[in-house]
Amino acid sequence: MKKAFILILFAAALLCLSACAAPKMPAAVEVTAGAGETAAAPSTDAAVDFSVREEVYTDTSHANSQISIAYPVFAAEGMQEINADILDFVTGFAEAYYGETFSDLQLELTYEIKRYDTEYLSIAFTGTGSVRTAAYPTSLFQTRTYDLQSGWAVKLSMLHPVDEAFAETLYAAVQESASSEIWEVFQTDYPNADALLSALQSCDADRLSCQSYVTPQTVGVSIPVRHVGGDHIEVEIAL
């Protein structure tokens with residue numbers, strides 16, 4: 001069995017975590033440059049420009065709502081379509097998660113580049129969304145991963161076989177490493193490895209499903225749980 005690593009992210013009920021040319025935005029929507037350049041992961045291919053520029057998408061066009069999402073723009077040749085896809089992902093985030101007619105929403109996301117080399121680009125967007133009428137904010141973890149040889153966005157099933165053995169490895173990792181409180185929530189949501197496998201089989205299908213990412217050494221999965229369990233749990237399995 002592959003060695004399992006687990007990272008547990010527990011968000012308290014009231015905790016707020018703190019391209020090609022962009023298409024024309026509707027009124028009250030703008031894209032602005034970030035604070036400066038950010039360094040990408042080192043690569044052995046000196047011919048590729050791995051520099052990354054941060055930009056911020058904002059939207060105040062919905063009633064009593066403020067959207068702010070930081071996202072990366074990649075300078076390497078041939079990244080135009082991926083940059084455009086990332087921007088589409090970002091600009092459509094709120095509507096995809098909260099519906100087209102959302103209002104009274106405060107949404108703030110930043111990002112972490114989990115892997116960037118000549119093989120894969122994997123980005124995790126994290127932050128909080130808070131609707132005025134909701135009892136508490138939601139901790140969000142959304143990902144986007146690209147195979148840089150094909151330029152396609154990839155799902156978990158393209159990164160690792162999604163089978164019973166994989167589900168059992170993840171399940172055991174949570175059981176062994178989670179606190180008793182987190183494990184109780186997780187076990188209620190996923191009574192056994194078969195229940196977890198069902199969720200894994202639809203991973204990356206939409207914004208509400210489990211999300212996957214890849215690092216230089218691991219494949220990671222963000223598994224949805226109830227808010228009392230932190231909204232999501234991240235588990236990484238060695239490649």
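The side chains of Asp85 and Arg144 meet in a salt bridge, with 2.9 Å from N to O, where a salt bridge is a side-chain nitrogen of Lys or Arg within 4 Å of a carboxyl oxygen of Asp or Glu. Because Asp85 lies in helix 1 and Arg144 in strand 7, the pair ties together parts that are 59 residues apart in sequence; helices (H or I, at least four residues) and strands (E, at least two) are DSSP runs, numbered from the N terminus. Asp85 counts as partly exposed at 24% relative accessibility, and Arg144 is likewise partly exposed, with a relative accessible area of 25%; here buried means under 20% relative accessible area, exposed over 50%, and partly exposed in between, for a 1.4 Å probe and protein chains only. The model is a predicted one, in which local features need pLDDT of at least 70 and side-chain atom pairs count only at pLDDT 80 or more, whereas totals for chains, interfaces and linings use all residues. Residues are numbered from 1 along each chain as its sequence is written, and side-chain values use heavy atoms, with hydrogens and water left out.

Helix 1, to which Asp85 belongs, comprises twelve residues (80-91), which should span 16 Å at 1.5 Å a residue, in agreement with the 16 Å that separates its end C-alpha atoms; the expected span is 1.5 Å times one less than the number of residues. The buried residues of this helix are Ile82, Asn83, Ile86, Leu87, Phe89 and Val90. Seen down the helix axis, these buried residues fall within an arc of 160 degrees, so they line one face of helix 1, the arc being that of the directions from the helix axis to the C-beta atoms. An α-helix has 3.6 residues a turn, so residues three or four places apart point the same way. The buried residues of helix 1 pack against strand 3 (52-59), strand 4 (66-74), helix 2 (93-98), strand 6 (120-131) and strand 7 (138-147), with contact taken as heavy atoms within 4.5 Å.

A search of the whole structure finds seven salt bridges, including one in which the side chains of Lys114 and Glu112 meet at 3.4 Å, N to O. Lys114 counts as buried at 17% relative accessibility, whereas Glu112 is partly exposed, with a relative accessible area of 45%. The side chains of Glu119 and Arg115 also meet in a salt bridge, at 3.0 Å, N to O; Glu119 is partly exposed at 40%, while Arg115 is buried at 8%. Salt bridges that share partners join Arg115, Asp117 and Glu119 into one network.
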